[in-house]
Amino acid sequence: MEVVNKAFDDVKEFLKSVVPPCTATIDDHYHYEVWAIKEEAKLSQENHVFFGSVIKHADSITVTFNDKLGKENSKELFSDYLLQKMEHGRIRIHEMNRQLHEDLQNAVQNLTRYYNSMGWI
C-alpha cells in the first residue's frame with residue numbers, strides 16, 4: 001500500500017502545481033480532481049474544462065486527463081509511453097517508475113501550456 005500512497009501523492013503534487021490558475025474541485029485522501037474554471041467565459045466558451053484527476057484504489061491509482069483533446073493534440077501533449085498505457089484518457093498505475101513519473105510531470109506541464117493557449121486558464 002505504501003507504493004500506491006507514494007504514487008498517489010506524487011501525481012497529486014503534479015496536479016496541485018496548476019492550482020491556481022485551475023481549481024481543485026475534489027481534495028481528499030483518495031481523490032484529487034482539477035478543473036479549469038473560467039468565471040467570465042464568453043458565450044462561445046466553455047467555463048468548466050476538466051484538467052485531470054488521480055484516484056487511489058487498494059492496489060493502484062487511476063490518473064485521468066481530459067479525454068476530449070483529440071488524437072493529434074494527445075500525441076503532442078502526452079509521451080508515447082503514456083499513450084500506450086492510456087485508455088479513454090485514463091492510466092492505471094500499480095507502481096510508479098521513473099519513466100511514468102517524468103512523463104506524468106511533463107504531461108501536466110504540457111497541458112498547462114495548452115490550456116493557456118486555448119484561453120481556458
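Me: How many residues lie between β1 and β2 in the hairpin they form?

Reply: A hairpin is read from its two strands and the residues that join them. This model is predicted, and in the hairpin of β1 and β2 three residues lie between the strands.

Me: In which sense do strand β1 and strand β2 pair, and over how many bridges?

Reply: Two strands count as paired if DSSP finds at least two bridges between them. Strand β1, residues 23–27, and strand β2, residues 31–37, are joined by four bridges in the antiparallel sense.

Me: Which residue in β5 stands opposite V63?

Reply: Start with the strands. β4 and β5 pair over four bridges, again in the antiparallel sense. Opposite V63 stands I91 of β5.

Me: Which residues of strand β5 are on its covered face, and which on the uncovered one?

Reply: Take the strand face by face. In β5, residues 90–93, the covered face has I91 and I93, while R90 and R92 make up the uncovered face.

Me: What is the volume of the largest pocket, and which residues are closest to its centre?

Reply: Begin with volume, then go to the lining. The largest pocket has about 250 Å³. Its lining has 14 residues, and W35, F50, N66, D67 and K68 are the closest to the centre. Two elements, β3 (48–56) and β4 (61–65), each give two or more residues to this lining. β3 has the largest share, with four residues.

Methods:
Residues are numbered from 1 along each chain as its sequence is written. This is a predicted model: local features need pLDDT of at least 70, side-chain atom pairs count only at pLDDT 80 or more; totals for chains, interfaces and linings use all residues. Side-chain values use heavy atoms; hydrogens and water are left out. On a 1 Å grid over the protein atoms alone, a cavity is a set of points where a 1.4 Å probe fits but cannot get out, and a pocket is an open set with protein on both sides within 12 Å along at least five of seven lines; lining residues have an atom within 4 Å of a point. Grid points are joined across faces, edges and corners, and a volume is the space filled by probe spheres set on the points. Buried means under 20% relative accessible area, exposed over 50%, partly exposed in between (1.4 Å probe, protein chains only).
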